[in-house]
Amino acid sequence: MSALFDSAILVKLFALETNSPDAIALVRSYPLPILFTDLQETEVRNALWLKCRRSELNSSQLHSSLQVIESDIAAGRLQRSPLDWPQVWSKARELSALYALETNCRTLDTLHVACALTLGVADFGSFDLRQRALAAKAG
C-alpha cells in the first residue's frame with residue numbers, strides 16, 4: 001500500500017526532532033520506496049537549511065542530512081514522483097473551495113493533499129490535525 005507523507009514528517013527522518021521516532025515508525029509501517037515530490041523535496045531541503053540558520057543543526061549535520069537525501073534518492077528509497085502540476089493546482093483549488101472553511105487547512109498543506117490525490121496514493125501521512133482532516137474528507 002502506498003502513502004504520501006507530509007514534508008514535516010520527512011524532515012524528522014533527516015534531522016532529529018522530539019517526535020522523530022514517531023515519524024520513523026509511521027514511515028516504516030509502509031513499504032519502500034517513499035514517494036518524493038518536487039514540493040516535498042523543496043520543503044525538506046529548505047527546512048534543513050532553516051534548521052542550520054536557527055542553530056538547530058550545525059553545518060556538518062546539515063550537509064550530512066542533505067547527503068542522506070541524495071543517497072536515498074540514488075538507492076531508490078526515495079522515489080521522485082513527477083506530478084501534473086496544473087492538475088495538482090486545480091485539485092488544490094477544489095479542496096480549498098470545498099473544505100477550507102471547515103478544516104482551516106493552509107495552502108501548502110492543501111497542496112500536499114492534492115498531490116496525494118493526483119498520485120492516487122492509498123494513504124496520506126501527517127501529524128497536522130487540520131491536514132489529516134482535509135485528507136480524510138477528500139478521500
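The buried residues of helix 6 pack against strand 1 (3-5), helix 1 (7-14), helix 3 (38-53), helix 5 (85-103), strand 4 (123-125) and helix 7 (129-138), where contact means heavy atoms within 4.5 Å. Helices (H or I, at least four residues) and strands (E, at least two) are DSSP runs, numbered from the N terminus. This is a predicted model, in which local features need pLDDT of at least 70 and side-chain atom pairs count only at pLDDT 80 or more, while totals for chains, interfaces and linings use all residues. Residues are numbered from 1 along each chain as its sequence is written, and side-chain values use heavy atoms, with hydrogens and water left out.

Helix 6 itself covers residues 107-119, and its 13 residues reach 18 Å from the first C-alpha to the last, close to the 18 Å expected at 1.5 Å a residue, the expected span being 1.5 Å times one less than the number of residues. Its buried residues are Asp109, Thr110, Leu111, His112, Val113, Ala114, Cys115, Ala116 and Thr118; buried means under 20% relative accessible area, exposed over 50%, and partly exposed in between, with a 1.4 Å probe and protein chains only. After helix 6 comes Gly120, whose phi is positive, near 75 degrees.

Axes are lines fitted to C-alpha atoms, for helices over the stretch in contact, and angles run from 0 to 180 degrees between N-to-C directions.

| Helix pair | Angle | Axis separation | Handedness |
|---|---|---|---|
| Helix 1 and helix 3 | about 50 degrees | 9 Å apart | right-handed |
| Helix 3 and helix 4 | roughly 165 degrees | within 9 Å | right-handed |

A crossing is left-handed if the near helix is turned anticlockwise from the far one by less than a right angle, and right-handed if clockwise. Angles under 35 degrees count as roughly parallel, over 145 as roughly antiparallel, 65 to 115 as roughly perpendicular and the rest as oblique. Helix 1 and helix 3 are therefore oblique to each other, whereas helix 3 and helix 4 are roughly antiparallel.

On the helix 1 side, Ser7, Leu10, Val11 and Phe14 meet Leu39, Gln40, Glu43, Val44, Ala47, Leu48 and Lys51 of helix 3. By class, this contact of helix 1 with helix 3 has seven nonpolar, two polar and two charged residues; Ala, Val, Leu, Ile, Met, Phe, Trp, Tyr, Cys and Pro count as nonpolar, Asp, Glu, Lys and Arg as charged, and the others, Gly among them, as polar. Towards helix 4, helix 3 contributes Glu41, Val44, Arg45, Leu48, Trp49 and Cys52, which meet residues including Leu62, Leu66, Ile69 and Ile73. The contact of helix 3 with helix 4 divides into eight nonpolar, three polar and three charged residues.

Helix 3 also holds Leu50, which counts as partly exposed because its relative accessibility is 39%. Asn46, likewise found in helix 3, counts as partly exposed at 43%.

The peptide bond from Leu32 to Pro33 is cis, with omega near 0 degrees, and Pro33 is placed in the loop between helix 2 (20-28) and strand 2 (34-36). Ser55, in the loop between helix 3 and helix 4, has a positive phi near 65 degrees although it is a residue other than glycine, and at 64% relative accessibility Ser55 counts as exposed. Asn104, in the loop between helix 5 and helix 6, has a positive phi of about 60 degrees and is not a glycine.
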